[in-house]
Amino acid sequence: MSSPLLEVRDLIVHFYTREGVVKALDGVMLRVGRGEIVSLVGETGSGKTVTALSIMRLLDHNARIVRGEVLFEGRNLLQLSEEEMRRIRGREISMIFQEPKSALNPVLTVGFQLREALEAHGEEGEAALEKVLSMLRRVGLPDPERLVNRYPHELSGGMAQRVMIAMALLMRPKLLIADEPTSALDVTVQAQILELIQSLVREMNTSVLFITHDLGVAAEISDRIAVMYAGVVVEQGNVYDVFEEPLHPYTRGLLAAIPRPGRELMAIEGEVPSLLNPPSGCRFHPRCPAVMEVCKRVKPRLVEVEPGRLVACHLYGGE
Amino acid sequence: MGDRMEGARRTSIRGSLLMARLVLSSPTGFAGAVIVAGLLILSLIGPVLAPYDPYKQDMSERLMPPSWEHPFGTDQLGRDILSRVLYGCRISLSIALLVVAISATIGLLLGLVSGYFGGLVDEALMRVTDLFFAFPRLILAMAVAAALGPSIINTMLAIATVSWPVYARLVRACVLQVRNETYIEAARAIGAGHVRILFRHVLPMVVHVVLVQATLDLGSVILLAAGLSFIGLGAPPPTPEWGLMVSEGRLYIRSQWWVSTFPGLAIMISALGFNMLGDALRDAFDVRLGR
Amino acid sequence: MDLRAYVLRRLALTTLVLFGVLVVTFLLSHVIPADPIGAILGPQAPPELVEKLRREWGLDKPLHEQFIDYVCRAVRGDLGRSIRTNRPVLQDLLEFFPATLELATASLMLGVLVGVPLGTISALRRGSWIDHAARVFVTLGVSTPVFWLGLIMLMIFYYRLGWLPGPGRLDPYMTPPPRVTGLILLDSLLAGRLDAFYSALRHLAMPAAVLGWYAAAGIARITRSSVLEVMRREHVRTARAKGLLERIVVLRHILRNALMPIVTVIGTTYGGLLEGAVLTETIFAWPGLGRYSTGAFLYLDFMAVMGTTLFIAVIYSLVNLAVDLIYAYLDPRVRYG
């Protein structure tokens with residue numbers, strides 16, 4: 001297998017708050033190959049967004065990347081200077097966010113903000129404007145010549161998200177990070193946006209790290225899936241394999257919890273842990289139906305049980 | 001939702017103690033609290049502490065620089081400045097407290113009614129406050145004071161007149177936010193009358209805004225009153241009012257700097273104390289309300 | 001609503017407010033004083049003069065008729081006659097206003113030039129020593145009585161150190177440039193009198209610094225809180241994610257959006273500067289509205305006082321109208337909402 005485009009190794013991120021230190025990420029391991037769509041799935045607070053922001057190095061001031069590596073095409077992004085990182089953002093790695101209308105600057109026209117994405121990396125003038133217009137057409141927005149003079153508040157949610165996608169893909173980045181891009185949209189629009197993303201990234205051979213809490217969306221769009229719980233990636237693999245045969249107890253619980261008509265609702269026992277005072281050993285152990293003694297003491301490492309299939313669980317030898 | 005009501009009620013004793021701790025934990029809050037406490041104490045016992053009679057003139061002692069006998073020096077009529085500053089503390093603080101109490105109360109009531117009932121009453125209040133805001137505060141106070149004549153009472157009336165609109169607007173904005181909360185609907189659903197809702201449910205959520213504004217306002221009023229006296233529209237001579245004292249010392253600023261400096265310093269420190277305390281109070285409320 | 005509707009609405013509102021201002025000044029000058037004529041003419045006035053003025057003012061007429069007379073006169077520019085200068089009040093006001101305008105504008109410029117960068121840096125470097133220093137500056141600035149500060153600065157910088165010139169707008173021996181606008185800085189440039197320009201600038205320095213300090217404090221405060229608020233918004237993160245230079249993120253995506261509340265505060269600050277002018281012009285022998293009205297109080301020149309109040313309220317309302325229009329220009333949601 002060729003080397004992955006993005007490899008996150010053992011990423012530990014802490015937030016320093018008034019209440020104490022929030023251990024948001026506890027050794028995240030992630031791999032995204034070239035031209036692959038990988039979903040990062042988990043509940044709210046599991047650390048998906050923090051992971052994404054850490055890759056982009058866009059965390060808040062009170063966050064510290066304590067340890068770990070983020071290898072992009074072999075380079076450790078965490079060791080780059082701010083200027084080198086700036087050149088990567090928007091050009092090699094792009095990101096789109098959940099609320100498209102608040103993600104755009106309300107006092108600048110849509111066209112201006114799109115051209116900005118190009119100007120930041122040295123492309124300006126007529127050629128840039130042409131690129132913007134053609135990209136707007138490509139994302140399915142009618143009448144781009146008039147659209148560029150509109151302001152964000154004049155757009156609908158779906159249109160705004162298309163603009164965001166256009167903006168992110170203008171420089172043809174190698175990796176697109178999409179943080180819940182459809183969660184704030186109506187269901188019908190969701191489907192359209194998903195389709196759009198899929199067709200665009202196939203066309204440009206862009207890899208995608210697709211963050212979502214919706215297993216259905218993950219199943220539909222991705223090649224591989226990574227499941228996160230309380231700041232750790234607990235399982236990773238081909239999406240069909242993971243759904244067919246989930247290995248980690250949490251993944252099993254998640255899939256079983258999907259409501260199905262004619263069946264009882266099945267919930268996972270317990271509550272999401274506080275990241276101020278996370279459980280010792282495996283962070284899932286208080287809720288795990290298959291918990292063993294070792295789980296309370298030792299944190300399981302992510303182990304490759306088959307080629308491309310990783311689990312972090314003592315059931316599969318996590319020492 | 002019911003937690004909010006409980007929370008509002010719990011902000012009685014335990015809440016107040018927690019607030020006090022929050023305020024005092026910040027350096028500005030602590031400094032402000034110390035200054036304000038000092039001012040309150042001085043306004044009570046200042047006249048007792050004063051070594052001389054603030055009105056007693058002694059031409060043989062006029063314009064003496066600060067010394068052991070007269071730590072702040074004497075003014076152009078031989079009066080001891082320290083004593084006058086101490087007496088002035090009581091005057092300034094009384095004016096400030098009375099004015100703020102009156103204007104805050106008026107503003108609070110009008111804002112509550114206007115925000116809660118809406119409609120014509122609300123429109124009317126908005127227009128009236130717009131009118132007051134069309135004048136800079138001092139200018140309007142000046143005009144009112146000029147119309148009424150220079151005296152302490154008239155100064156207070158003038159300043160109160162220009163101060164209440166701020167409270168009314170602030171309270172109204174807060175009430176508008178609170179009015180649409182579900183627990184208000186819940187209270188109506190169980191048959192609570194308007195007055196009861198206003199005072200039991202709306203008022204507690206609005207009080208913190210008024211408290212912060214009132215504290216900050218105390219500082220503004222002291223500055224405003226001193227300003228009015230400085231231009232001759234406030235307390236008449238020989239009242240030992242700080243602003244008036246600065247004005248009287250104006251002609252001697254060249255060599256006998258102490259006549260104007262010490263009263264002015266007193267004004268500044270007082271305003272400083274209330275401003276710092278008000279800021280710390282606002283921060284503490286933000287924390288408590290989870291912002 | 002679109003821009004035109006917005007402008008029209010604001011104009012209508014301002015006109016209403018101005019009308020209300022007339023009501024207020026009418027009440028203050030005709031209704032509240034126990035004896036308006038006595039207030040105007042003073043206790044020594046001969047009874048014939050009192051009668052004459054009473055008839056002229058129509059004080060025996062019903063109140064609403066008096067009010068209509070008052071409004072008609074005010075709109076025509078007749079604000080009465082000053083007993084001190086023995087000229088129409090309006091003429092006095094127009095003569096003295098430019099000095100105050102010059103002072104207020106210079107102070108505002110200082111306030112903005114110091115306050116906005118200070119507030120911005122304070123927000124961007126939250127918690128640093130600059131932030132703490134700025135917050136101390138702000139708290140001091142809003143707590144200092146301007147009239148006292150003016151005196152102290154005069155004492156230190158003129159009497160003791162001699163660095164800056166004393167009271168007045170120009171050096172006493174210098175002949176002023178021919179009056180075109182009344183703004184000496186402008187007039188001296190127009191007349192090519194660089195010596196007058198320089199002298200006027202040096203004289204403007206201290207009063208503008210005193211009022212500017214106060215203005216800068218208020219502006220720095222609102223800038224800081226506005227920038228802090230905007231910094232947290234999503235679009236700032238998007239801007240950085242695009243790979244924009246930090247400088248552009250700050251200027252175009254943070255400051256540009258933070259401007260709106262700042263502009264509004266500039267309007268109210270102008271009102272504060274007019275107040276400050278009233279308090280400090282006497283100290284600096286600055287021949288503006290402030291000194292005029294202060295003199296009017298001491299002289300019990302009632303018409304002048306009321307005229308000044310009305311005049312200042314009108315100016316203030318126009319400033320706020322301008323602020324509203326600038327706001328509309330800055331925020332496209334208002335324009336194309």
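How many residues of chain C are in contact with chain B? In this predicted model, where local features need pLDDT of at least 70, side-chain atom pairs count only at pLDDT 80 or more, and totals for chains, interfaces and linings use all residues, 36 residues of chain C are in contact with 36 residues of chain B. Two residues are in contact if their C-beta atoms, placed from the backbone, lie within 7 Å. Residues are numbered from 1 along each chain as its sequence is written, while chains are lettered from A and ligands numbered from 1 in the order in which they are written.

**Chain C with chain B**

- On the side of chain C that touches chain B, the elements giving two or more residues are α1 (3-31), α6 (129-143), α7 (146-160), α11 (246-280), α12 (289-298) and α13 (302-330) of chain C; helices (H or I, at least four residues) and strands (E, at least two) are DSSP runs, numbered from the N terminus.
- That side of chain C has 26 nonpolar, nine polar and one charged residues (Ala, Val, Leu, Ile, Met, Phe, Trp, Tyr, Cys and Pro count as nonpolar, Asp, Glu, Lys and Arg as charged, and the others, Gly among them, as polar).

**Chain A with chain C**

- Chain A gives 24 residues to this contact and chain C gives 19 residues.
- On the chain A side, α2 (82-88), β6 (93-96), α3 (100-103) and α4 of chain A each give two or more residues.
- The side of chain A that touches chain C has 11 nonpolar, six polar and seven charged residues.
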